[in-house]
Amino acid sequence: MAAPNYPPTPKLLDPNLDSGHRSFLSVLRRPLKEMRTRAPGEMLYLDEHWFGRLRGAGLLTIAWLVEGWPNEPDGGAKCRLWDVSMILGLPLTSDPVGPRVITDDWMDDLQERFALADRDPVHGLLEAHPRIVGPSKKWLLQFRVEYLSEDVDDNSLSRSLEAFLLWMFRYVMINNSHGNCVDMVLMPYARAIAEAEDDEVPTWSWGSAVLAATYRGLCDACCKSDPQAVLTGCPLLLQLRAYERFAVGRPLVDMEPYEDHLYGDEDDESPTMATLWIGRKGTWAHMQVRWVYPEFVKEFDRLHADDVIWEPYSADQIAIRAPLGLSSLCTRDDHLWLTTAPLVYDYMVEPHCPDRVMRQFGFAQPWPIPVDCQGVGFLFSSTWLMKLAPMVQYWAEADEHVVEPIGPHTDESFRAYLAWYQPRTRCHITYAEENQEAHQASTRDLYPSYLDEALAGAIRAYRLVDTDASAYLMRLDAGDTMTDSENRDAWNKTRDSVRQVLRSYGHEFFEEIGGQSHTPPTAGPSQPEQYPEQ
């Protein structure tokens with residue numbers, strides 16, 4: 001069989017990057033596995049003595065959101081600062097998280113500081129910190145709040161809060177690929193918050209940091225095909241963002257409005273949009289438990305514009321889910337949702353381009369879109385502190401670089417944008433050849449791409465049925481009666497088209513011929529129809 005004639009790289013994609021991109025590998029029918037996340041497997045609880053410092057740092061909402069929740073998320077699509085606010089309630093204003101230089105004696109300093117924490121002896125002796133590249137998760141868990149003595153002092157509470165923050169930073173907000181340890185760069189932030197007075201807690205732009213790390217994680221993940229590859233950034237944000245917009249892979253949960261008991265006395269003691277998915281028990285379909293990745297790929301390929309919830313955070317949607325309102329942190333920094341200032345986390349600088357997705361904000365999408373976007377993705381180097389200085393300053397002026405909408409979204413303007421956009425990008429994840437051969441099932445099949453080919457054949461057969469039926473109805477409406485022979489031919493033709501649909505999916509059937517059961521030979525998938533891009 002001759003090699004398929006694959007289309008050239010679309011204009012909006014970089015050919016140097018596209019050749020190793022997962023979407024292109026999927027087009028080539030390479031078997032791809034879902035990526036792993038380093039999610040926490042333990043349950044940690046908050047202590048009321050921490051509330052003042054967590055509130056001052058803008059982290060109380062997300063801390064409540066994940067309290068006692070052993071999660072194992074995975075996910076998928078580009079998020080925006082809007083999502084970070086409405087889902088996780090993270091602050092966007094203040095200085096970016098990074099850059100910091102950590103001295104070589106960080107481990108000795110960490111052990112010396114935590115050695116004075118008053119732990120209950122029932123939980124065993126304090127283990128020494130292992131020699132690894134960052135604070136050890138196993139070591140930090142020795143200081144969870146329930147391990148402290150009953151008559152605990154302020155220093156011990158501060159150390160327990162510091163350990164909790166490092167755990168939350170690493171396993172909820174900013175996953176890394178370092179195994180069971182936290183990025184060293186996060187240590188000064190956790191310590192500064194834990195040791196501050198309630199009315200003097202320093203603040204940072206945790207929302208932009210989480211998004212920068214997630215963008216970098218997605219960028220790296222798109223070029224990974226190793227089944228052991230790890231998805232970094234914030235998989236929790238990706239997962240919850242997908243739940244809000246797509247029915248694909250979404251759990252079935254109680255959609256009733258939020259109850260009164262979810263609200264506290266303060267403005268930030270209220271739920272976020274994500275409370276629906278985390279705070280209520282969901283059920284899963286069998287397919288979502290078993291053949292998740294290939295099934296989800298197919299379902300995403302078949303989505304149409306009407307299948308997407310474009311504005312999940314509109315006033316109407318919020319009123320339906322949260323009649324009493326959301327946490328004040330969800331909308332506190334809404335003036336930055338449309339900023340084009342680059343996002344900074346540690347040595348990572350990632351562009352933020354809301355001007356490319358204005359449909360999500362209810363505005364018309366301008367086009368053509370400039371290729372260049374403010375921001376650069378620095379790799380670590382000895383000069384990164386100097387290189388990042390202008391980007392840190394740029395974020396301080398983020399509210400001065402905000403996109404101005406050109407008008408409200410309309411179906412007409414969106415169709416015009418798609419007419420420009422679709423020919424210049426890849427609109428499907430899978431690829432079907434023009435001339436198909438019958439698929440031979442194998443126990444080695446890792447991705448059932450033949451089902452997508454079968455769908456194309458089925459659509460063609462369905463369209464033939466529709467065309468024929470419409471022609472017959474037109475004759476009847478015109479008063480043109482059909483003879484018995486014409487009726488028989490019409491029904492035979494309809495039956496053959498329906499059987500072709502069944503053959504496309506590999507089904508056999510029995511036909512009565514002269515009183516004998518006859519099984520016709522199974523045909524391969526039909527040539528797929530070139531139906532419009534989604």
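**Reading contacts and burial**

Analyst: Start with one residue and its neighbours. Leaving out residues up to four places away in sequence, Glu127 touches Lys138, Trp139 and Gln142. Keep in mind that this is a predicted model.

User: Where does Glu127 lie in the chain?

Analyst: Glu127 sits in the loop between helix H6 (106-114) and helix H7 (137-140). Its C-alpha is 8.2 Å from that of Gln142, and the two residues are 15 apart in sequence.

User: Is Glu127 buried, partly exposed or exposed?

Analyst: Compare its accessibility with the cut-offs. Buried is under 20%, exposed is over 50%, and partly exposed lies in between. Glu127 has 44% relative accessibility, so it counts as partly exposed.

User: And for the whole chain, what share of residues counts as buried?

Analyst: Of its 534 residues, 46% are buried. The chain exposes about 27900 Å², with 52% of that supplied by carbon and sulfur atoms.

User: How should I read a nonpolar core?

Analyst: In soluble globular proteins, nonpolar side chains tend to be buried together. Here the largest nonpolar core has 94 residues. Those with the most contacts inside it are Leu59, Met168, Phe169, Met173, Trp206 and Tyr345. Helix H8 (residues 154-173) gives the most to this core, 12 residues.

User: Which residues does Phe169 touch?

Analyst: Not counting residues up to four places away in sequence, Phe169 touches Leu59, Ile174, Leu186, Tyr189, Ala190, Ile193 and Trp206.

User: What part of the chain's contacts links residues 24 or more positions apart?

Analyst: Among contacts with a separation of 6 or more, such pairs account for 77%. The chain holds 19 helices and 4 strands.

Methods:
Residues are numbered from 1 along each chain as its sequence is written. This is a predicted model: local features need pLDDT of at least 70, side-chain atom pairs count only at pLDDT 80 or more; totals for chains, interfaces and linings use all residues. Side-chain values use heavy atoms; hydrogens and water are left out. Helices (H or I, at least four residues) and strands (E, at least two) are DSSP runs, numbered from the N terminus. Buried means under 20% relative accessible area, exposed over 50%, partly exposed in between (1.4 Å probe, protein chains only). Contact means heavy atoms within 4.5 Å. Accessible areas come from the Shrake-Rupley method with a 1.4 Å probe; for residues, only the protein chains shown count as cover. A nonpolar core is a set of buried Ala, Val, Leu, Ile, Met, Phe, Trp, Tyr and Cys residues joined through side-chain atoms within 4.5 Å.
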